[in-house]
Amino acid sequence: MAELFRLIPKSGLNVRHAAQRQDMDKAIFEKRTESADVPPTKVSFGPFCLLPTQFLLLEGDKVVPLGSRALEILIVLVERRGELVSKQDVTARIWPNLFVDPSNLPQQVSALRRALRDGQDGNRFIINVKGRGYRFVASVEVSA
């Protein structure tokens, strides 16, 4: 067995590291998905499915690659869909007790819009009310 571990790093694989990483990822995922007060929900809009308690956005059965801040912004906007959510409210929720550069929020929203292909193929999900905030405007279907 020791010979096997000596040979594996030469091939570019580190089995011990991969196993440790998998355990660490599992622990992080389990912490992120635990929720005593909130039942698991699924929010569908357009071709997307948002699983907020699992911190996951899917398009069909594929995971949409999206940064954590952009995904948190999407969750905030979907929770308050149809409402104008001020930039201050979003910033306070995403970056609590932190000073962030004012350009950070528009950059994250831009990344979110790119991932959603907002404005393409007739899809409109997020609108900006200049100087005030953002509104999630797509129709959604919420299920437990």
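1. Helices (H or I, at least four residues) and strands (E, at least two) are DSSP runs, numbered from the N terminus. The model is predicted, and local features need pLDDT of at least 70, side-chain atom pairs count only at pLDDT 80 or more, while totals for chains, interfaces and linings use all residues. Residues are numbered from 1 along each chain as its sequence is written, and side-chain values use heavy atoms, with hydrogens and water left out.

2. Overall make-up. The protein has five helices and eight strands. Read from the N terminus, the order of elements is α-α-β-β-β-β-α-β-α-α-β-β-β. Of its 144 residues, 28% count as buried; buried means under 20% relative accessible area, exposed over 50%, and partly exposed in between (1.4 Å probe, protein chains only). Contact means heavy atoms within 4.5 Å. Among contacts between residues at least 6 apart in sequence, 47% join residues at least 24 apart.

3. Two strands are taken to pair if DSSP finds at least two bridges between them. Strand β3 (residues 56-59) pairs with β4 in the antiparallel sense over two bridges, and leucine 58 stands opposite valine 63 in β4.

4. The three-stranded sheet. A further open sheet has three strands in the order β5-β7-β6, again described by antiparallel pairing. Here β5 and β6 are at the edges, each with a single partner strand, so one side of each is left without a neighbour in the sheet. Two bridges join β5 (residues 85-86) to β7 (residues 133-136), and the bridge partner of serine 86 in β7 is glycine 133. Between β6 (residues 126-129) and β7 there are four bridges, in the antiparallel sense; asparagine 128 has tyrosine 134 as its bridge partner in β7.

5. The hairpin. β6 and β7 form a hairpin with three residues between them. In the turn, glycine 131 has a positive phi of about 80 degrees.

6. Axes are lines fitted to C-alpha atoms, for helices over the stretch in contact, and angles run from 0 to 180 degrees between N-to-C directions.

7. Helices α3 and α4. Two packed helices are described by the angle between their axes and the distance between the axes. For α3 (residues 68-79) and α4 (residues 87-94), the angle is about 125 degrees and the axes are 10 Å apart. The two helices are therefore oblique to each other; angles under 35 degrees count as roughly parallel, over 145 as roughly antiparallel, 65 to 115 as roughly perpendicular and the rest as oblique. The contact is made by Arg69, Glu72, Ile73, Ile75, Val76 and Glu79 of α3 with Val90, Arg93 and Ile94 of α4. By class, the contact has five nonpolar, no polar and four charged residues; Ala, Val, Leu, Ile, Met, Phe, Trp, Tyr, Cys and Pro count as nonpolar, Asp, Glu, Lys and Arg as charged, and the others, Gly among them, as polar.

8. Valine 76. This residue is in helix α3. Is valine 76 buried or exposed? Its relative accessibility is 4%, so valine 76 counts as buried. Leaving aside neighbours within four places in sequence, valine 76 is in contact with Val85, Val90, Arg93 and Ile94. Valine 76 and valine 90 are 14 residues apart in sequence and 7.1 Å apart in space, C-alpha to C-alpha.

9. Backbone points to check. Most residues other than glycine have a negative phi, and most peptide bonds are trans. Asparagine 97, not a glycine, has a positive phi of about 60 degrees. Asparagine 97 lies in the loop between α4 and α5 and, at 82% relative accessibility, counts as exposed. Arginine 117, also not a glycine, has a positive phi of about 55 degrees. Arginine 117 is in the loop between α5 and β6 and counts as partly exposed at 29% relative accessibility.
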